[in-house]
Amino acid sequence: MGSFILRRIFQTLVVTFILSFCCYYLLTLMPGDPIDILISSNPNFTIEDAERLKRLYGADKSVMERYANWLSSAVKGNFGYSRVYRVPVADLIGPRLMNTFILSMAALSLSLSIGIPIGVLVALRKGSKVDYSVNFLSFAGISIPSFFLGILLILCFSVYWKVFPAGGTETIDANLHGFAYVLDRLKYLVLPVLSLTAMQTAYYIRYTRSSMIDTMHMDFIKTARAKGLRNSIVIARHGLRNALIPVVTIVALSLSTLFSGAVITETLFSYQGVGKLVFDSISGNDFNVAMVSFIITIGMVLVMNLAADILYAYLDPRIEYK
Amino acid sequence: MPKKIALIALCSALFPSSLLFSVDNRELKIGITQEFENPNPIIATMLATHYLYGFVGRTPNVMDPDGNDVAMMAVETPTLENGLAEFFEEDGKRKLRAHWEIREDAHWGDGVPVTGHDFKLGWTIGMSDTVSVGEREKFDEIERVEIDPENPKKFALVYDEPKYSYFRAFQHYFVPSHIEGPVFEEFGDENEGYDKNTKYVTDPTNPGLYNGPYRIAEMKLGSHVIFVPNEHWKGHKPTIQKIILKYIPNTATLEANLKSGTIDMISLIGLRFDQALAFDERAQKDGLPYTVNYKPSLVYEHIDLQVGKNEILKDLNVRKALVHSIDRDLLCDTLFDGKQKKAIHNAPPMDPWFTDDPEKIVLYRYSKRTARRLLDAAGWEMNDDGYRYKDGKRLSFQLMTTAQDKTRENVQIFLQSQWKEVGIEITIKNEPARVYFGETTRKAKYPAMAMYAWIKLPEHSPRSTLHSEGIPTEANSYSGQNSSGWVNKEVDALIEALELEFDFEKRRDLAHQVLYHYTNEVPVIPLYYRSDVSVTPSNMEGYRLSGSLIPVTSWAEFWDLKN
């Protein structure tokens, strides 16, 4: 197992390096860099201005040279400077990354804690009224676009009932500490988390139900029952544990996309996360911010896949790594 | 019992009474949909940053909402008429010197007086090759800054190639030399060294960075900025005690944020025009306590015609027929409720160069009959399928604009149906703003028509948009904005002459001659002049939209929320 993990970490680093160059190169192919936009939006922008800024930004150098400069700084921990927001990238991304992490993890935890038990329940009562009702609600959850649900939540809970704030991350200028601060953050998390959870929960219910139904028809379940094991042990230890393997894959993939997956929710609820920043940095050719976003996303995908592989071995002892 | 108390405590924390909002002078929360950068005025490029800087910084003079140039930090605006500006000879060259004096009571937020050294530092930073300043023309045109050794409040700007706009110093900013001077000295030599280390980035709440009625008390990029009154501001005392500028990226939720009390007003960088109209109607119907403010602006929405490359559009009769066949009054009434007005050329009514005198410019009334006659004369004959043909080729144009801009898409559909009535086919192709402005319009790659807007200051020379040297080519790195490819040597000469004309009447006359050629030759179809729009609480007084590039926040100290 140790050598497997080491090998995968090495692969991760190589893949990250190759993909970082691909991303950098693709960014340079996009039409309309920040200087182009300045030229087209400002009638006073001259040829001299364009050339001066290209020299200053290093845009007059070859792609390889620019990439090498970026890489040498990045490996030293210097991720550069955002040319759109005019602040260091680390200052810009750091706090937002944490906010997105909190939002996404809260939504994921809630979705899993609701989705898996309900998925198991309806799998065990396949064809019952409960099964049909949950199926109906699941399809509704999957079908309703998150932005629509978000607006509905804002209208109900913020405009009409004034229960939760319509947007933001925390109460501005409140100077709260300790428990009061946590409660304040929770208040701003409720609606975006609900918005994200609705769809995720529905997916987990569907995946768990399907996987659990398949597993409960396997021979080893019949053997376990024949041995006289209690039903709860058969379900939890033999059924659920095996049924969770495909769910783990889905969860790993969900985690890897949490960085950019909450763009719509963050935008709707003015939540100070990293999703919209990533989107804007790519649209606005803010190279340094976009590259850090890519690296984090690539890293998350690779690390989460590694974590999923390790979890498979834990869930199913038949799987081993050599 | 303890459970009940815990529940009540939780509810109180989650649902505080502050959510039951009221708006008074204690606090005003403004929603804005564009993110802001660090507030260094010399390197800022975003509109949102200039909006926020208006609360905290003041320029030597400013253009007020009526279009007049008025002194702000300066005692008086220097002009040739009041004798504070003068021509002089130096090295055989005719130069101009403008004498400025800063108000005696002008101070930075830490109590240090604002002086000519602060102006000079701003100009020096703007001229530096290592600082990422965008357009440098405003710095370049000043040859040097001379500070009075006796009184640093007095300084003179020397122009070696003076232009008539020398007295407009509202695009120049003071930078506190006692704070930023050492930073520029230390990092000014390295590429973007100053950009990264300016105190506006590293210490944005330092009161000494701001000389306006407010200072920044808290700033969180991507979230909000809090402004509180600047204790050292000696002008009109601000009445609102705290202003919060809150970033709300989604325009669709602005109204919900307003109604829920998360914000109290929507800045002019907020609602789209159609959203504002819809909200205005709802607010009036439901008696909501908000006022929707409209102000005709200097933004000119138009369609560039590819007269340089498109063979059909080279025919003047076709271009004139295109204008005659669209009812722009109906367009403005239908889509904008009459709150945005029909454009007749590129100088909006707020510009002193505006004229609607039919003896000076060519006006086009809506007339399908005239349009049909012009197209017949051009050889385009109507066919049974409802379109015109010439030599077997259909009269068809591609109309391009920015994708996902609902207002422009509605205008496209309106125009398409109007042109269809005279036998012209319009195909629509829209692109994301980044591609459209970064490639298509910048390199004049559109085949026939490109719809977009220009914003300019009053009396701004149209050199880049109308002079033939402004035609974007590979040779000039596509830096010109005459994307129509229109060439008129007489217009070139008129533009060159008006830039050097210091007499207002004569300059206006030259501008009117340019407008005559512009309207007569129709390289561009004028559509409408846009209006600025914002939403304020009904009890707010002293708020006036500027309609220009000058941020409305330049008069924030006069805003008053009456009880």
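Predicted model: local features only at pLDDT ≥ 70, side-chain atom pairs only at ≥ 80, totals over all residues.
**Figure 1. Contact between chain A and chain B.** In this view, 54 residues of chain A touch 63 residues of chain B. The two chains bury about 5200 Å² between them, and carbon and sulfur atoms account for 58% of that area. On the chain A side, the residues that lose the most area to chain B are Leu56(A), Arg86(A) and Ile172(A), which together make up 14% of what that side buries. The size of an interface is often given as the accessible area lost when the parts come together.

**Figure 2. Polar and charged pairs across the interface of chain A and chain B.** The rule finds five salt bridges across this interface. In one salt bridge, Asp173(A) is paired with Lys242(B), and the closest N and O atoms lie 2.3 Å apart. At least two residues of the chain A side come from each of α2 (34-41), α3 (47-57), α5 (89-124), α7 (146-160), α8 (178-215), α11 (263-268) and α12 (275-283) of chain A. Among these, α3(A) gives the largest share, seven residues. Sorted by class, the side of chain A that touches chain B has 26 nonpolar, 15 polar and 13 charged residues.

**Figure 3. The second largest pocket.** The volume of this pocket is about 970 Å³. Its lining is made of 38 residues, and nearest the centre are Tyr24(A), Tyr57(A), Gly58(A), Ala59(A) and Arg83(A). Two or more lining residues come from each of α1 (2-29), α2, α3, α4 (63-75) and α13 (287-315) of chain A. Helix α4(A) supplies the largest share of the lining, five residues. The lining divides by class into 15 nonpolar, 10 polar and 13 charged residues.

**Figure 4. The largest cavity.** The structure holds five cavities of 30 Å³ or more. The largest cavity has a volume of about 320 Å³. It is lined by 31 residues, and those closest to its centre are Asn346(B), Lys456(B), Pro462(B), Thr465(B) and Leu466(B). From chain B, strands β12 (290-305) and β19 (449-455) and helices α15 (463-466) and α17 (504-521) each contribute at least two residues to the lining. By class, the lining of the largest cavity has 18 nonpolar, 10 polar and three charged residues.

**Figure 5. The second largest cavity.** This cavity holds about 90 Å³ of space. Of its 13 lining residues, Tyr271(A), Lys276(A), Gly222(B), Tyr247(B) and Pro249(B) lie nearest the centre. Helices α11 and α12 of chain A are the elements that give two or more residues to the lining. The lining of the second largest cavity comprises four nonpolar, five polar and four charged residues.

**Figure 6. The salt bridge of Asp131(A) and Arg209(A).** Over all chains, a search of the whole structure finds 54 salt bridges. One of them joins Asp131(A) and Arg209(A), whose closest N and O atoms are 2.9 Å apart. Asp131(A) belongs to helix α6 (residues 129-143) of chain A and Arg209(A) to helix α8 of chain A, so the pair ties together parts that are 78 residues apart in sequence. Side chains of opposite charge can pair when their charged atoms come close.

Terms used: Residues numbered from 1 in each chain as written. Chains lettered and ligands numbered in written order. Heavy atoms only, no water. Contact = heavy atoms within 4.5 Å. Buried area = accessible area lost by both parts, 1.4 Å probe. Salt bridge = Lys/Arg side-chain N within 4 Å of Asp/Glu carboxyl O. Polar contact = N/O pair within 3.5 Å; in protein donor to acceptor, adjacent residues only side chain to side chain. Helix = DSSP H or I, 4+ residues; strand = E, 2+ residues; numbered from the N terminus. Nonpolar A, V, L, I, M, F, W, Y, C, P; charged D, E, K, R; others polar. 1 Å grid on protein atoms, 1.4 Å probe; cavity = no way out; pocket = protein on both sides within 12 Å on 5 of 7 lines; lining within 4 Å. Points joined across faces, edges and corners; volume = space filled by probe spheres on them.
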